Amino acid sequence: MVYQISPTTPAGKWLGFVTAVWVQAISGNNYTFSNYSDALKSLMSLTQLQLNNLSVAKDVGKAFGILAGLSSDHLSTPIILLIGSIEGFIGYGVQWLVVSGTIQPLPYWVMCIFLCMGGNSTTWMNTAVLVTCIRNFRKNRGPVSGILKGYVGLSTAIFTDLCNSLFSDDPASFLLMLAIVPFLVCLTAILFLREIPPSSTSGEETDEVRYFGIFNAVAVVIAVYLLAYDVTGTHGTVMSRAFAIILLILLASPLSVPLFLMVQNLNRSGSKSSDVESKVTEKLLAEETEVEKEDETVAVVEVERRRPVIGEDHTIWEAIRTVDFWILFTTFLCGVGTGLAVMNNMGQMGLALGYVDVSIFVSLTSIWGFFGRILSGSVSEYFIKKAGTPRPIWNAASQILMALGYVIMAIALPGSLYIGSIIVGICYGVRLAVTVPTASELFGLKYYGLIYNVLILNLPLGSFLFSGLLAGFLYDAEATTTAGGGNTCVGAHCYRLVFVVMAIACVVGFGLDVMLAIRTKGVYARIYASRKSSKKSGGARTLS
């Protein structure tokens, strides 16, 4: 029975992926600041500027994700998860102590540190999960990225709706949930998520595609379920409790995949299983021996290591010396930076256009962002396998579509904010889901943890450039001063120039993405040829 739950068995491999999905479903807690920010503001007697700076401190935590990236090359997955869970428990736990009135409000600078810790904790969780799963399922990187990033997009709605249904939006209970739930989920992942050898046969790859289809279907059901709860208005106590129970059942339902494989293994004869396991072990050992011999030969022939080409393993220093890395970095900034500006300012944008309730726009951006992540991961993977289509071409498509969304919002016709928020949500999701596997395909998996965390520096950088500077300055230029010393702006002109500038940035990103797709065409042609030949050889072995 111990063998059945070993991480190296099919059941253990998929059980690890289920726990990875759970970690991602709770790792979007960094986007939930608005759910308890009013409580912090009143308890600490903060001005709006001071409250905004607390939010910045939270986002600055992501910039220290480089530490998680560096550690991923030296520490195991369980250790990285443990660091993230403890840091999040402390960061959100202290905020709960303050908001619940258990302790007196701490000095402002101390609260900044604990919010920064809470923000940084998710970088450890994301690094552990993404790096491990992409290495475990390296032949299906697109679906892996889409599913995991999709659940990150849903995590804000999961936390918010659960708190609403169970605790009536009490901010203290919400913070307690942010402190305890991620900690417990990470402890579960520590037990089962390990880096293991990837699939080696076409049959295993086919099974992966089928099981990823199940995970995608469950994710879509959860997304639709959350959206239905949000748009149906207020609910009674019984309905709210029932919603929470059904949501938890849906989140647990991916366990059906490893349970199915476990039962399947139990039905096989012990002797046959032992024979297969021994053969696989011998094969793996033989392959490792051959690799070691090849490495020794290369070491003798090449005294000095040559610079890797695109498609091979790069260190971070080798990656940043390539033109392709900076093209990817810049296009990522154009996409996620402008997308974050819309998300951070959606409330002000809605009020400027005369909408009293702007929560629907936040929900539309979030839910369609989920669909963008889920679909782009699977679609881009499909076209790589079928025709060797470079993955950056999907980023290019999202950039030009996002530019169109900003133009629609700049025109400010009736309903344009609804259409624009949907388009921006989809394209933002595509950028996140497609860039993750693209980086691994261009610069390899050996140092992927650090490379990924350098790329996501674009999140705080883009937020600062497009949200803090661009949107802030241009809004203030159009606004009129109020009696209390603040300012306000009502009308389509408030953000029109902001949308125009961001549309131009997306057009620039589109051109760079097309350039990257052309430059990496050979890499994806080799990936396509490699998978095609492995499928043929796998079929030949099956026939023999």
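Predicted model: local features only at pLDDT ≥ 70, side-chain atom pairs only at ≥ 80, totals over all residues.

Visitor: Why flag a positive phi?
Guide: Most residues other than glycine have a negative phi. Ala412 has a positive one although it is not a glycine.

Visitor: Where does Ala412 lie?
Guide: In the loop between H16 and helix H17 (416–443).

Visitor: Back up to H16. How far apart are its end C-alpha atoms?
Guide: They are 29 Å apart. H16 covers residues 392–411, and its 20 residues should span 28 Å at 1.5 Å a residue, so the two values agree.

Visitor: Which residues of H16 are buried?
Guide: Pro392, Asn395, Ala396, Ser398, Gln399, Met402, Ala403, Gly405, Tyr406, Met409 and Ala410.

Visitor: Now H18. How many of its residues are buried?
Guide: Eight of eight. H18 runs over residues 448–455 and is mostly covered. Tyr448, Asn453 and Leu455 are among the buried residues.

Visitor: Let's do helix pairs. At what angle do H14 and H19 cross?
Guide: Roughly 50°, and their axes come within 7 Å. That makes H14 oblique to H19. H14 is residues 323–352 and H19 is residues 458–478.

Visitor: Which residues make the contact?
Guide: From H14, they include Phe329, Phe332, Leu333, Val336 and Asn344. From H19, they include Leu461, Gly462, Leu465, Phe466 and Tyr475. By class, the contact has 12 nonpolar, nine polar and no charged residues.

Visitor: Left-handed or right-handed, H14 past H19?
Guide: Right-handed.

Visitor: What about H4 and H6? How far apart are their axes?
Guide: The axes are 8 Å apart, and the packing angle is about 30°. H4 and H6 are therefore roughly parallel to each other. H4 spans residues 65–72 and H6 spans residues 108–136.

Visitor: Which residues touch there?
Guide: H4 brings Gly65, Leu67, Ala68, Gly69, Ser71 and Ser72. H6 brings Asn120, Thr123, Trp124 and Thr127. Three are nonpolar, seven polar and none charged. H4 passes H6 in a right-handed crossing.

Visitor: And H8, which helices do its buried residues pack against?
Guide: Helix H1 (10–26), helix H5 (77–99), H6 and helix H7 (141–167). The buried residues of H8 include Phe174, Leu178, Pro182, Cys186 and Ile190.

Visitor: What is the reach of H8?
Guide: H8 reaches 32 Å from its first C-alpha to its last, close to the 32 Å expected at 1.5 Å a residue. H8 has 22 residues, 171–192.

Visitor: New topic, Glu205. Buried or exposed?
Guide: Buried, because its relative accessibility is 9%. Glu205 is found in helix H9, residues 202–231.

Visitor: What does Glu205 touch?
Guide: Lys139, Asn140, Ser199 and Lys385, not counting residues up to four places away in sequence.

Visitor: Last one, the whole chain. How many helices and strands?
Guide: The protein chain has 21 helices and two strands. Of its 544 residues, 50% count as buried. Among contacts with a separation of 6 or more, residues 24 or more positions apart account for 82%.

Methods:
Residues numbered from 1 in each chain as written. Heavy atoms only, no water. Axes fitted to C-alpha atoms, helices over the stretch in contact; angles between N-to-C directions. Helix = DSSP H or I, 4+ residues; strand = E, 2+ residues; numbered from the N terminus. Parallel < 35°, antiparallel > 145°, perpendicular 65-115°, else oblique. Left-handed = near helix turned anticlockwise from the far one by under 90°. Contact = heavy atoms within 4.5 Å. Nonpolar A, V, L, I, M, F, W, Y, C, P; charged D, E, K, R; others polar. Expected span 1.5 Å × (residues − 1). Buried < 20%, exposed > 50% of the residue type's maximum accessible area, 1.4 Å probe, protein only.
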